[in-house]
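This report goes through one protein model, part by part. Please look at the sequence and the structure first.

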Amino acid sequence: QVQLVESGGGLVQAGGSLRLSCAVSGSDFSINAMAWYRQAPGKQRELVASITSGGRTNYVDSVKGRFTISRDNAKNAVYLQMNSLRPEDTAVYYCHADLSRGGSYFFEDWGQGTHATVSS
């Protein structure tokens with residue numbers, strides 16, 4: 001009954017920006033790390049950025065310096081600020097959360113994702 005809902009995608013020109021949001025809803029769960037993945041046409045899903053509950057972040061090399069992941073623990077939300085977008089950033093973006101209940105981790109299915117298209 002935990003759901004992850006992404007939003008904020010759209011169509012932008014190269015060099016533009018988008019801010020993606022993901023809200024985790026449900027009850028009786030805890031969140032450790034959160035992350036953003038993306039899947040470009042014809043490619044596998046790729047880890048883009050992650051953030052621990054304490055705010056430590058990691059990024060795939062291709063987005064370093066351009067993307068910023070952040071979170072609001074009170075809202076169970078994670079965000080991805082994407083600047084200086086490039087056509088190769090075009091993908092469906094998915095959020096992920098490490099979830100636990102009663103001391104045990106569990107996995108929820110991927111959400112619908114939000115599509116970001118960057119034109120040149």
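## Strands β3 and β8

Strand β3 (residues 18–25) and strand β8 (residues 77–82) run antiparallel and are joined by 6 bridges. Within this pairing, Ala 23 stands opposite Ala 77 in β8. Strands here are DSSP runs (E, at least two residues), as helices are (H or I, at least four residues), and the numbering starts at the N terminus. Two strands pair if DSSP finds at least two bridges between them.

The model is predicted: local features need pLDDT of at least 70, side-chain atom pairs count only at pLDDT 80 or more, and totals for chains, interfaces and linings use all residues. Residues are numbered from 1 along each chain as its sequence is written, and side-chain values use heavy atoms, with hydrogens and water left out.

## The open sheet

β3 and β8 belong to an open sheet of 4 strands, in the order β1-β3-β8-β7, with antiparallel pairing. The edges are taken by β1 (3–7) and β7 (67–72); each has a single partner strand, so one side of each is left without a neighbour in the sheet. On average, neighbouring strands of this sheet are turned by 15 degrees against each other, direction ignored. For such angles, axes are lines fitted to C-alpha atoms (for helices over the stretch in contact), and angles run from 0 to 180 degrees between N-to-C directions.

## The disulfide

How many disulfides does a search of the whole structure find? The search finds 1 disulfide, where the term stands for a pair of cysteine sulfur atoms within 2.5 Å. Cys 22 is joined to Cys 95, with 1.8 Å from S to S. Cys 22 lies in strand β3 and Cys 95 in strand β9 (residues 91–101), so the pair ties together parts that are 73 residues apart in sequence. A disulfide is a covalent bond between the sulfur atoms of two cysteines.

Are these cysteines buried or exposed? Cys 22 counts as buried, at 1% relative accessibility, and Cys 95 counts as buried at 1% too. Buried means under 20% relative accessible area, exposed means over 50%, and partly exposed lies in between (1.4 Å probe, protein chains only).

## Strand β4 and its partners

β4 (30–39) runs antiparallel to β9, with 8 bridges joining the two. Ile 31 stands opposite Leu 99 in β9. β4 also runs antiparallel to β5, and here 5 bridges join the strands. The bridge partner of Tyr 37 in β5 is Leu 47.

The hairpin of β4 and β5 has 6 residues between the strands, and Gly 42 takes a positive phi near 75 degrees there. Lys 43 lies in the loop between β4 and β5 (46–51). Lys 43 is exposed, with a relative accessible area of 57%. From C-alpha to C-alpha, Lys 43 and Ala 91 are 9.4 Å apart in space, although 48 residues separate them in sequence.

## Thr 114

Thr 114 has its place in strand β11 (residues 114–119) and is buried, with a relative accessible area of 9%. A polar atom of the Thr 114 side chain lies 2.9 Å from the backbone nitrogen of Gly 9.

Which residues are in contact with Thr 114, leaving aside its neighbours within four places in sequence? They are Glu 6, Ser 7, Gly 8, Gly 9, Leu 20, Ala 91, Val 92 and Tyr 93. Contact means heavy atoms within 4.5 Å.

## Salt bridges

A salt bridge is a side-chain nitrogen of Lys or Arg within 4 Å of a carboxyl oxygen of Asp or Glu. By this rule the count is 5 salt bridges. One of them is formed by the side chains of Arg 101 and Asp 28 (3.7 Å, N to O). This pair links distant parts of the chain, 73 residues apart: Arg 101 is in strand β9 and Asp 28 in the loop between β3 and β4. Arg 101 is partly exposed at 30% relative accessibility, whereas Asp 28 is exposed with a relative accessible area of 59%.

The side chains of Arg 38 and Glu 46 also meet in a salt bridge (3.0 Å, N to O). Arg 38 counts as buried at 7% relative accessibility, and Glu 46 as partly exposed at 29%. A network of salt bridges links Arg 38, Glu 46, Arg 66 and Asp 89. Lys 64 forms a salt bridge with Asp 61, with 2.9 Å between the closest N and O atoms; Asp 61 counts as exposed at 60% relative accessibility.

Terms used:
A polar contact is a pair of N or O atoms within 3.5 Å; within protein, one must be able to donate a hydrogen and the other to accept it, and residues adjacent in sequence count only if both atoms are side-chain atoms.
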